[in-house]
Amino acid sequence: MNCSTLLSLMLMLIQLWPFSLSMGNHSAQNTDQSFTAVGRVKRGWVWEPLFVTEEQTLTVPVYVGQLKSDLDKQNGNLKYILTGEGAGSIFIIDENNGKIYVTQKLDREEKPYYTLRAQAINRSTQLPVEPESEFIIKVRDVNDHEPQFLDGPYEATVPEMSPEGTSVTQVTAVDGDDPSYGNNARLLYSLVQGQPYFSVEPKTGVIRMAPQMDRETKDQYLVIIQAKDMVGQAGAFSTTATVTINLSDINDNPPKFQQRLYYMNVSEEAPVGTTVGKVFAEDSDIGENAAMNYFIEGDNSDVFDIITNNETQEGIILLKKRVDYESKRRYSILAKVVNRYIDDRFLKEGPFEDKTTVKINVQNADEPPVFTLENYVMEIPEGAVSGSLVGAVTARDPDNDDCPVRYSIVHRMQLKRLFSINEHNGTIITTKPLDREIASWHNITVKATETRNPEKNSEANVYIQVLDVNDHAPEFPKYYETFVCENAVSGQLIQTITAVDQDDSAEGHHFYFSLAQEATNNSYFTVKDNQDNTAGIFTTKSGFKRREQVFFYLPILIQDNGTPPLTSTNTLTIIVCDCDTKVNTFYCRYGAFMYSMGLSTEALVAVLACILILLVFFLAIVAIRQQRKKSPFLEKIEEFRENIVRYDDEGGGEEDTEAFDISALRTRTVMRTHKPRKKVTTEIHSLYRQSLQVGPDSAVFRQFISEKLEEANTDPSAPPYDSLQTYAFEGTGSLAGSLSSLGSNMSDADQSYDYLTDWGPHFKQLAGMYTSHRSVD
C-alpha cells in the first residue's frame, strides 16, 4: 500500500468515526500542558500526538491525555492497556477511561520522545475489541541549556592593512535545547570587547575587520564574543569566547638608513676583501618583508663593494681593489638600500629604497717595495760566458720617503749557482754558462727589501728562457746493424739511416747526408740523400767475399741547417754475411766475429763445450766446500736462540747436591780457540784488593768490561747474531769477589786454592773443601 492510498483511507476513517479525545480542563490556560491535535487514526482508534513538558517537577501524576475507542459505550465493558517505553513506570493509564498520566520528571536532551502501544479489550471475554496500535508521546523542550563554544579559545591571523569588512574568522556556539521548537536554541552573537577594530555578524558569528589596521602600531588584539540563546530575549542564557587576532606583516614600509652620513677608514696595506665598515637600514616590517639589498652607485664601485648580511640585514662594505695613500687619500661613495621583495600595492606611497653617503679615508702605512711587473720574462743565449747580462728587475718604495731597496735571489740553491743579482740596481747576470739542452727555462724568485725596515719586502717571479744555439752536431739516433750478403748485386739498398740533433730548430731540422771526404773513392758503397732527413746506403759492386773482408767501415758526413751549420762524421759498420735467401742477424753477427778471430764454426762449438764443462766442474767444487764448512755448532743454533738458562743459586758449595745443575750451561763442543788463561789465583787476589777500594764505576771494572767486549768481538767462532753477557758485581763487602767458574774449561786440579785459608773464618768451610780436595788429588 503506497502513501497516497494510506492517506485517503485515513481521511475516510476520520469521516466515518467521530473524533473522541478528551483533554484536561485546564489545558487551554496552561501552555506547558497544551496539546497539539495532529491527528492519527488506526481503525477504531482515534487520538492525537501527546506532549509532556520536560523538567517539570511532579508531586502527583500529571494528566497527559486520554485515549478512547469509539466502541466504548461507557458501561465499563472495555479495559484499556498501555505497553511500550516507560509504560507502567513513567506513564500510567486509567484502564477504565483511557486517561494517561506521567509520573516522573523527564529530560528531552536524554530522550525526546517515547513510543507506546494501546489496546482495548472486553472485560468479559478478555478479547481485544480493537487491534493494538502505536502512538508517540513527545517531550516538549524548555530552555534549560546555556550555549557553549566548543572550539574556544580561538586564534586567528589576518594581514595588516586589510580592507574594512575582511573576514577574520568564524566562531560557532552550540545549544543543547531543541532547535525545532521555539527560540530556545536560536543564538545571537555580539561583540563584548574589540570595538572599534572588529565586528561580528549576529547570526553567523563571522568576525570582520573594521577600519584598516597597522601591524607596526599594534600587532595583536584580544576580542571577546558573546553568544545568547532565545535570540537575545530576556531570560536567555549566554556564554563568551575569547579570540586572539594577530596581524600578519606585509611589506608596507620602506627601509631607512640610520645615518645620512658615515665615516670610515681603510689602511693602504689592507688586502682585497678587507671589511671597511658597515651600514644599516631599518625596516619596520619583519621576515622577508624586511629583507633588503645594498648597492654602491657611482664611479667608486670598482674600488669598493657592498654585500648584505642576511642574518643582521647589515650592509658590509668591502675593499674591491687595493688603495694607495700616495695616489688618493679620500673616497666618497653613495650607498643605496632596496627592499628585496616589493608589494606593488604600496608603490604609490613612494619608492621602497633609501640612500646614504659614506666617506672613506685612506690611512698611510709603511708599504713594502712594489715591483714594476708581477712577473718578468728574460732571455739569454745558451753558452753565454759567465757574467753575461740576463736582465734587470725594478722595485720602488711606494711611500713618500722613497726608501732605497735591496735585491736578492731567494730559494733553490742550484739557481743561485747559475745566476746572481746586483743588490743595488737589480741586474741579473749568469755565474756560469747555460746549456739549453739541460734546462731551457729557469724560474727564480727575486726579493726586494727596504734598507731601513727589512721586514718590509716583496717578491717577484723571473722566468729566464735559454735560447738555443746551434752547438750540437747531428748524429745517428742509434747503432745500425747493417749487413750485406756475399751475393749482393750492385745498386742494392742495404740500410736506411736518419739523424737526430739535440738543438731546437725554429724552422725544423733538415739534415744532409754524404760520404765523408776520405770515403769519396769508396768502390763498394755509396750514400743517397732522400731529402727527407733520411738517406739510403747502396752497394756499388756485385759480390762480396766474406773470407777476404768481413767488416766495412763507411764514414758518413751529416750536416744540419743551423746557423752556422754543424757537421759530424758517423761511421756505419757493414758486416758481410753468408746468406742465400735472407740474413740471420744472430748468425751473421757472431759468424763475423768468429771470422775476425780466425775460427771456424766447428772450432766455435768446441770452445763453447769446453766452457760449459768448466762451469759445471766449478759449481761442483763450490758445493763441496760449502758442505765442509758447515759447523756442528749450527745444529744447536736454534736451541741457543730459543733457550736462556739463568741461575742465581749461590748454594752451599759442591756439597749442596740440591743446588742448580751447572752442567746444563756447558757445551760438549767448544769452537773457540783457547787463549792463554791468566793465573786464577793472581787474578782473584788482584780483584779482591781492588774491590775493597773501588765500586762498579771505577776504571778497573770499565777496563774489565772493555776487555771482555773486545774478546767477544774478535772471537771468530762466535755465532752470527747478537749475544748478551752479564757480569755481576758483588760490591765492596765481598772479600772474595766473584768465585764463579763459568766459562772455565780447566779442572779444579789445575788450580791452587791454598789462599782461601788466608781469607778468614767466613771462608773456613770453603777452604776446607778445596784444600782437602787438593790433598786427595
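Over which residues does pLDDT stay under 50, and how many contacts beyond four places in sequence does the model have for them? In this predicted model, one such stretch is residues 1-44, for which there are 62 contacts beyond four places in sequence. Where pLDDT is low, the predicted coordinates should not be read in detail. Across the protein the average pLDDT is 77, and 73% of the residues score at least 70.

Four strands, in the order β11-β17-β16-β13, make up an open sheet whose pairing is mixed. Because β11 (154-159) and β13 (188-193) each have a single partner strand, they stand at the edges, and one side of each is left without a neighbour in the sheet. On average, neighbouring strands of this sheet are turned by 35° against each other, direction ignored.

The partner of β13 is strand β16 (residues 220-228), and the two pair in the antiparallel sense over five bridges, with S190 standing opposite Q226 in β16.

Strand β16 also contains Y221, which is buried, since its relative accessible area is 8% and the cut-off for buried is under 20%. Leaving aside neighbours within four places in sequence, the contacts of Y221 are Y197, F198, M213, V243, T244, I245 and L247. Y221 and N246, although 25 residues apart in sequence, are 6.5 Å apart in space from C-alpha to C-alpha.

Methods:
Residues numbered from 1 in each chain as written. Predicted model: local features only at pLDDT ≥ 70, side-chain atom pairs only at ≥ 80, totals over all residues. Heavy atoms only, no water. Pairing = 2+ DSSP bridges. Axes fitted to C-alpha atoms, helices over the stretch in contact; angles between N-to-C directions. Buried < 20%, exposed > 50% of the residue type's maximum accessible area, 1.4 Å probe, protein only. Contact = heavy atoms within 4.5 Å. pLDDT = per-residue confidence, 0-100.
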